[in-house]
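Student: I would like to go through this structure with you. Could we begin with the terms and then turn to the residues?

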Amino acid sequence: VSVVTGRQQEQAGSNINLTGLTSSSIFHDDLGPPQYKTITLDRGPDGLGFSIVGGYGSPHGDLPIYVKTVFGKGAAAEDGRLKRGDQIIAVNGQSLEGVTHEEAVAILKRTKGAVTMTVLS
């Protein structure tokens, strides 16, 4: 068992440089209540670059549409704002409330060019 005194903690902390970091750039999901944000992605050759989970009638019950995975390539990774666990509220003004998983996928796939999403993050 090791014991860290207050003095040792101060020394360790003094070596950490927090310049340039903001509360939104580290542990954003742990800082307060979820927030609505609008994210516009330009669909490129690698697509939007994320997968979704949930939907009305899913095996886990009637759920909202959530981001399951943000892939390493694609518009979402390049943009950097869409995160695993974000709830997608609407796509180009069309609400995803009450849609099935398949309907949500179709809405996202048929949208060409710029895709504007309202998300709860």
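Tutor: Contact means heavy atoms within 4.5 Å. This is a predicted model, in which local features need pLDDT of at least 70 and side-chain atom pairs count only at pLDDT 80 or more, while totals for chains, interfaces and linings use all residues. Residues are numbered from 1 along each chain as its sequence is written, and side-chain values use heavy atoms, with hydrogens and water left out.

Student: Which residues does Val91 touch, not counting those up to four places away in sequence?

Tutor: Val91 touches Leu96, Ile107, Leu108, Thr111, Val115, Thr116 and Met117.

Student: And how many residues has the largest nonpolar core?

Tutor: The largest nonpolar core has 20 residues. Such a core is a set of buried Ala, Val, Leu, Ile, Met, Phe, Trp, Tyr and Cys residues joined through side-chain atoms within 4.5 Å. Buried means under 20% relative accessible area, exposed over 50%, and partly exposed in between, with a 1.4 Å probe and protein chains only. Val91 is among the residues with the most contacts inside the core, as are Leu41, Phe50, Leu82, Ile88 and Met117.

Student: Which residues of helix 3 are buried?

Tutor: In helix 3 (101-110), Ala104, Ile107 and Leu108 are buried. Helices (H or I, at least four residues) and strands (E, at least two) are DSSP runs, numbered from the N terminus. Seen down the helix axis, the buried residues of helix 3 fall within an arc of 95°, so they line one face; the arc is that of the directions from the helix axis to the C-beta atoms. Glu102, Lys109 and Arg110 are exposed on the other side of helix 3.

Student: Changing topic, where is Leu48 found?

Tutor: Leu48 sits in the loop between strand 1 (36-42) and strand 2 (50-58). Leu48 counts as buried because its relative accessibility is 8%. Ala76 is 28 residues away from Leu48 in sequence, yet their C-alpha atoms are 5.8 Å apart in space.

Student: How many salt bridges does the structure hold?

Tutor: The structure holds one, defined as a side-chain nitrogen of Lys or Arg within 4 Å of a carboxyl oxygen of Asp or Glu. The side chains of Arg81 and Asp79 form it, at 2.8 Å from N to O. Arg81 is partly exposed at 35% relative accessible area, and Asp79 is partly exposed at 30%.

Student: What about Asp86, buried or exposed?

Tutor: Asp86 is buried yet has no salt bridge. The nearest side chain of opposite charge, Lys37, is 4.5 Å away; Lys and Arg count as positive and Asp and Glu as negative, with His and the chain ends not counted.
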